Amino acid sequence: APVFFDDFSQERLELNAPLDNWTVSGGTVDVIGTGFHDYCGDGGPSPDRCVDLDGSTGNAARIESVGPALAAGDYEFSFWARGNKRNLTNDTVVLEVETGVLLPQSITLNGTDGWKKYIYSFSLVAPQTVALVFDHAGGDNIGILIDNVEVNRVPEPASLSLALLAFGSAVAARR
């Protein structure tokens, strides 16, 4: 089960929107979806809602998650993103998992790029609260769209082996 998940389905469709699980700074974002600037469909993970990281003010935002608190271990940070679908210019977003900067990464998408799932790994040596960050470099009110942001704990190989052994034993006992 994810230790953090947001598909933005609880958000109200709105231009220059606040977000429930995120702090929006340095600009604005738009929550768009079915019947309201409907650019989320076309093979996206959840077509009823997604976030345009360059809100309607023409000033792209930095969004930072509220939490999550994580134990020491290995994790995968994933999300879906697509180009803005409205022009042919490139947009760039810088991704971070902040406790310092554990995951300095950026992606650049053309407006015609379709939905794609991005997955990044990171490790923590001690328990801590992290912030997931999307820092959009746009400024024309047409930005990268994101959806289904999540963090999953990666099972330790020993734990995974024990779980598979227990499952195999249960199957054998059942026979």
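Predicted model: local features only at pLDDT ≥ 70, side-chain atom pairs only at ≥ 80, totals over all residues.
View 1. Residues are numbered from 1 along each chain as its sequence is written, and side-chain values use heavy atoms, with hydrogens and water left out. Phenylalanine 77 belongs to strand β7, which covers residues 73-82; helices (H or I, at least four residues) and strands (E, at least two) are DSSP runs, numbered from the N terminus.

**View 2. The aromatic pair of phenylalanine 4 and tryptophan 22.** Across the whole structure, a search finds nine aromatic pairs, where rings of Phe, Tyr and Trp (its six-membered ring) pair if their centres lie within 6.5 Å, and planes under 30 degrees apart count as stacked, over 60 as edge-to-face and the rest as tilted. In the pair of phenylalanine 4 and tryptophan 22, the ring centres are 5.8 Å apart and the planes stand at 90 degrees, so this pair is edge-to-face. Because phenylalanine 4 lies in strand β1 (residues 4-6) and tryptophan 22 in strand β2 (residues 22-25), the pair ties together parts that are 18 residues apart in sequence. Phenylalanine 4 counts as buried at 9% relative accessibility, and tryptophan 22 counts as buried at 4%. Both residues belong to one aromatic cluster, whose members also include Phe77, Tyr118 and Phe134.

**View 3. The nonpolar cores.** A nonpolar core is a set of buried Ala, Val, Leu, Ile, Met, Phe, Trp, Tyr and Cys residues joined through side-chain atoms within 4.5 Å. The largest such core has 32 residues, and those with the most contacts inside it include Trp22, Phe77, Ile107 and Val149. Several strands each supply at least two residues of this core, among them β7, β8 (90-98), β10 (116-124) and β13 (145-153). A second, separate core consists of five residues, including Ile32, Cys40, Cys50 and Leu145.

**View 4. Arginine 62 and its salt bridges.** The count comes to three salt bridges, each defined as a side-chain nitrogen of Lys or Arg within 4 Å of a carboxyl oxygen of Asp or Glu. Arginine 62 is found in strand β5, residues 62-65, and counts as buried at 19% relative accessibility. Its side chain meets that of glutamate 64 in a salt bridge of 3.5 Å, N to O, and glutamate 64 is partly exposed at 26%. Arginine 62 also forms a salt bridge with aspartate 135, where the closest N and O atoms are 3.5 Å apart. Because arginine 62 lies in strand β5 and aspartate 135 in strand β12, this pair ties together parts that are 73 residues apart in sequence. Aspartate 135 is partly exposed, with a relative accessible area of 27%, and Arg62, Glu64 and Asp135 are linked in a network of salt bridges.

**View 5. The salt bridge of arginine 12 and glutamate 14.** The side chains of arginine 12 and glutamate 14 meet in a salt bridge of 2.9 Å, N to O. Arginine 12 is exposed, with a relative accessible area of 60%.

Methods. Buried < 20%, exposed > 50% of the residue type's maximum accessible area, 1.4 Å probe, protein only.
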